Amino acid sequence: MIKGLIKLTNAWVLAISILVTASAGALAGAVSGSLWNQVPPRNHVRTNPLANRADTVTAGAILYRDHCLQCHQADARGDGKKRPSLRSEHIRTASDGDIEWFLRQGDLRHGMPSWSGLPEAQRWQIVSYLRSLQ
């Protein structure tokens with residue numbers, strides 16, 4: 001009887017260990033798998049060549065309306081779930097290069113399309129518009 005209890009206990013310990021290890025691995029993968037953490041240094045340091053131009057913000061607003069509003073809403077606050085707010089601390093603290101890179105890459109796993117088909121100048125205009133909302 002005790003031998004059977006030890007085998008059962010060992011099986012439970014093994015099962016719990018596997019579950020804890022798998023959960024920790026999944027959590028670490030989720031954190032490290034974020035595309036924001038994968039911005040190459042050369043992109044992170046890029047600055048917006050169209051910054052400080054009033055016409056850039058206006059053009060960015062039009063592009064936002066045409067490409068981003070459907071998911072992120074007119075006020076850029078998203079839905080609080082899958083479609084995140086673009087007025088978040090994360091966007092405020094990201095570099096212009098981070099945001100342009102993210103627009104170019106997209107994140108299909110989370111429903112964000114790649115906007116690499118937009119000319120680079122238009123992606124920078126969207127960055128300018130997003131900065132104007134902060």
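What share of the 134 residues in the protein chain is buried? In this predicted model, buried residues account for 31% of the chain.

## Overall architecture

The protein chain contains seven helices and zero strands. Read from the N terminus, the order of elements is therefore α-α-α-α-α-α-α.

Of the contacts between residues at least 6 apart in sequence, 64% join residues at least 24 apart. The chain has an accessible surface of about 8,700 Å², and carbon and sulfur atoms contribute 62% of that area.

## Serine 95

Serine 95 occupies the loop between helix H5 (89-93) and helix H6 (96-105). With a relative accessible area of 15%, serine 95 counts as buried because the cut-off is under 20%.

A polar atom of the serine 95 side chain lies 2.9 Å from the backbone nitrogen of aspartate 98. When neighbours within four places in sequence are left aside, serine 95 is in contact with His44 and Arg131.

## The largest pocket

The largest pocket has a volume of about 590 Å³. Its lining comprises 29 residues, and those nearest the centre are His72, Pro84, Leu86, Phe102 and Met112. By class, the lining divides into 15 nonpolar, nine polar and five charged residues.

Several helices take part in this lining: helix H4 (69-72), H5, H6 and helix H7 (120-133) each supply at least two residues. The largest share, three residues, comes from H6.

Definitions and conventions: Residues are numbered from 1 along each chain as its sequence is written. This is a predicted model: local features need pLDDT of at least 70, side-chain atom pairs count only at pLDDT 80 or more; totals for chains, interfaces and linings use all residues. Side-chain values use heavy atoms; hydrogens and water are left out. Helices (H or I, at least four residues) and strands (E, at least two) are DSSP runs, numbered from the N terminus. Buried means under 20% relative accessible area, exposed over 50%, partly exposed in between (1.4 Å probe, protein chains only). Contact means heavy atoms within 4.5 Å. Accessible areas come from the Shrake-Rupley method with a 1.4 Å probe; for residues, only the protein chains shown count as cover. A polar contact is a pair of N or O atoms within 3.5 Å; within protein, one must be able to donate a hydrogen and the other to accept it, and residues adjacent in sequence count only if both atoms are side-chain atoms. On a 1 Å grid over the protein atoms alone, a cavity is a set of points where a 1.4 Å probe fits but cannot get out, and a pocket is an open set with protein on both sides within 12 Å along at least five of seven lines; lining residues have an atom within 4 Å of a point. Grid points are joined across faces, edges and corners, and a volume is the space filled by probe spheres set on the points. Ala, Val, Leu, Ile, Met, Phe, Trp, Tyr, Cys and Pro count as nonpolar, Asp, Glu, Lys and Arg as charged, and the others, Gly among them, as polar.
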